[in-house]
Amino acid sequence: MVNRRSFARAIIAAGALAFAAGALVSAPAHAAKPLKIGFSMALTGGLAGAGKAALIAMEIWREDVNKKGGILGRPVEFVYYDDATQPAKVPGIYTKLLNVDKVDLVVSSYGTNEIAPAMPIVMRKKLVFPSLFGLAVNDEFNYDRYFQIMPAGPEPKTDWSKGFFELAAEQNPKPKTVAIVSADSEFTLNAAAGARQNAKSGGFIIVYDKTYPMSTTDYSPIVRAIEAANADIVFVASYPPQSVGMVKAAREVGLKAKMFGGAMVGLQFAAIQKNLGPALNNIINYDFWVPEPTLNFPGVKEFLARYQEAAKGKGVDPLGHYLPPYAYAYLQVLEQAINATKGLDQGKLAAHMHKATFKTVVGDVKFAKNGEWATSRTLQVQFRDVKPNDMAQFSGPGKRIVLYPKAWKSGDIVYPFNQ
Amino acid sequence: MLKTRADKIFWAVLAAVFLGGLALTELVANEYYYTAIYAILQATIMAVAWNILGGFTGYVNFGSAAFFAIGAYTAVALDKWLGLPLPFLIAASAAVCGLMGLGVGYLTLRLKGVYFAIATLAMAIVLETFVTNWEYVGAARGVYILTPEKVPFFRSYIQLLFVVMLALTLGSIAISRALNSSRIGRGLAAIRDDEVAAECAGVPTLRLKLISTTVMGAMMGVAGAPYPFFVTFVDPLSAFNLFVAVNAIAMPMIGGTAHWIGPVIGALVIGGAQEAITVTISSELNVLVVGLMLVLFITLAPQGIVGLVQKWMKRRKR
């Protein structure tokens, strides 16, 4: 008699046999072994909006490369996991990518907090590590195979706000006093520290220098305090929710400063631009790419058209000017380096990446010794003639004028801010 | 120590698990498994610790993340200040968080039930604000920890961390079991069932509650101390993550809060499932899985997995 236990055993054995047979039959005849690129990405959690947009851009790159026949004749595959914007998940993901999935190459997740926890693991394996929008991650590690695509420059902390203060210094009469206000978080504090240095070296007097908690909801007391300090220029370092709050409060209070902006994250995103509308006018803020004629690099328009098509209905930035071109470009750099060195030798790749100039959709990329861009291209752009409730206006030129650096300048400053 | 047969079995299993862990580091080089098991072990300590106050004593603590984070930041600060080796950092974190637990213990004099739970949550927020503004440990910017590339006896640093964490976990389980099955444990159970009656019956309630909160705090600090070396980058947002606190509550609830083995089972089941889901489906689903299991267990099996097994064994005996 067949009892229940032996029946169950028989079922399991039969299942295992069937599975093994299936695996044998489905084994490919002899296709080229795919080239696996592994990474973690914030697909849920706080940075999900940006992470998903980056992934769309990366998938467009993969499609392009595979259409050309892959890299080294091998089709490109992605192996990626969601880190849920939790740094604690990152070490596990990268060790799995390298030890279990056996990926050939790794690239980073998005953002400083998600990049840093992967560093020791990648460093131990001595892999090239192209990274996406980390701020000064390599200052601590000094890893010579780290390459960061955000164009903040070799000294990102100070380069970030250099343009803002140089623009201020050029005005006549030169403004004298500065207010620096920053949210309590990793990026914003770094940006504020850089601004403090630039203000001092530019000969400005800091009359207000405070931080506020990330959870702040009412910004008018902060703006009133700045107003009371009588600052000529106001440098704000903030994340999207606070950026919106600060801009609205500045308009409500009728801030009389002559320059306002600096390092406000969020004003680069189409949804926030539409939401704030004319309140943005004359604000001078950092950006990395805007659709001005001076920044019309080969391929970027085509890339954005495809991104915008793919982004529809996915809840990500519909225009994708800020992060997606760079998410495409950091893989372009890797691709070009592999093709140039004709292999995956990590030492050769790194050596090549240090000396070559790469042609990408975000323009020519050249890395400094510490893996940051050799020269900063942190733009200072000024919002101009923004009309209410119209997102499409931001897809063309004329709304975000590049004032700095001079090489990319597309118009002149409107000064003072409040007029 | 080895009074009964159960004691002998318990210590034999503990020793076997530890030796098994050591053997694993000799046999398996793949670092992923250590990383995954580390996360599960960390969750196990947190669950066991939470259960000492939440399960044995009946005081619900929502501030687990605060103990964990203070443990982590104590280690960061001392590592930066004196460069102490890991065992000292763990001991220091245990001491600091034990003291913090003692403070929380005095709170129980005035606060019970929901009010105690809210107070612990508030404590977590206060401490997070404090760390966010503590410049020495990187404040809101976060802090990097560089781990040595070569470690004696082990192939990599994560193996060392794994063995350390395994020893700490087994230690926590032993302490939890000793508490549960001792005079103290019976006193704690009396407090859980009816504090006033316990006091009237001569149970030294305050002293027992202070022991309970101190042990809980120290254990959570111990779980947090190696964390900076595991992630190599700590910022207040990730250290004070609400998810740490939610897991610490969900795991004992699902495993069963009345018995010392409950949180261990809960942590192994939930922690294992989470690690598997992260790499197979999606990280965000973790939260959903934990939430759903919590709801299911609280409504259908409030005694947890241990309760279900006990019921089943009783039925079989009949």
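Predicted model: local features only at pLDDT ≥ 70, side-chain atom pairs only at ≥ 80, totals over all residues.

User: How are helix α13 of chain A and helix α14 of chain A oriented where they pack?

Analyst: Look at residues 324-341 for α13(A) and residues 346-355 for α14(A). Their axes are 9 Å apart, and the packing angle is about 115 degrees. Angles of 65 to 115 degrees count as one class, so α13(A) is, relative to α14(A), roughly perpendicular.

User: Which residues of α14(A) make that contact, and how many residues of the contact are charged?

Analyst: From α13(A) come V333(A), A337(A), I338(A), A340(A) and T341(A). On the α14(A) side are K348(A), L349(A), H352(A) and M353(A).

User: Turning to chain B, is the crossing of α2(B) and α12(B) left-handed or right-handed?

Analyst: Here α2(B) covers residues 31-57 and α12(B) covers residues 242-255. Their axes come within 8 Å and cross at roughly 70 degrees, so the two helices are roughly perpendicular to each other. The way α2(B) passes α12(B) is right-handed.

User: Which residues meet there, and how many of them are nonpolar?

Analyst: α2(B) brings A43(B), M46(B), A47(B), W50(B), N51(B), G54(B) and G55(B). Facing them in α12(B) are V244(B), N247(B), A248(B), I249(B), M251(B) and P252(B). Four residues of this contact are polar and none is charged, while the nonpolar ones number nine.

Conventions: Residues numbered from 1 in each chain as written. Chains lettered and ligands numbered in written order. Axes fitted to C-alpha atoms, helices over the stretch in contact; angles between N-to-C directions. Helix = DSSP H or I, 4+ residues; strand = E, 2+ residues; numbered from the N terminus. Parallel < 35°, antiparallel > 145°, perpendicular 65-115°, else oblique. Contact = placed C-beta atoms within 7 Å. Left-handed = near helix turned anticlockwise from the far one by under 90°. Nonpolar A, V, L, I, M, F, W, Y, C, P; charged D, E, K, R; others polar.
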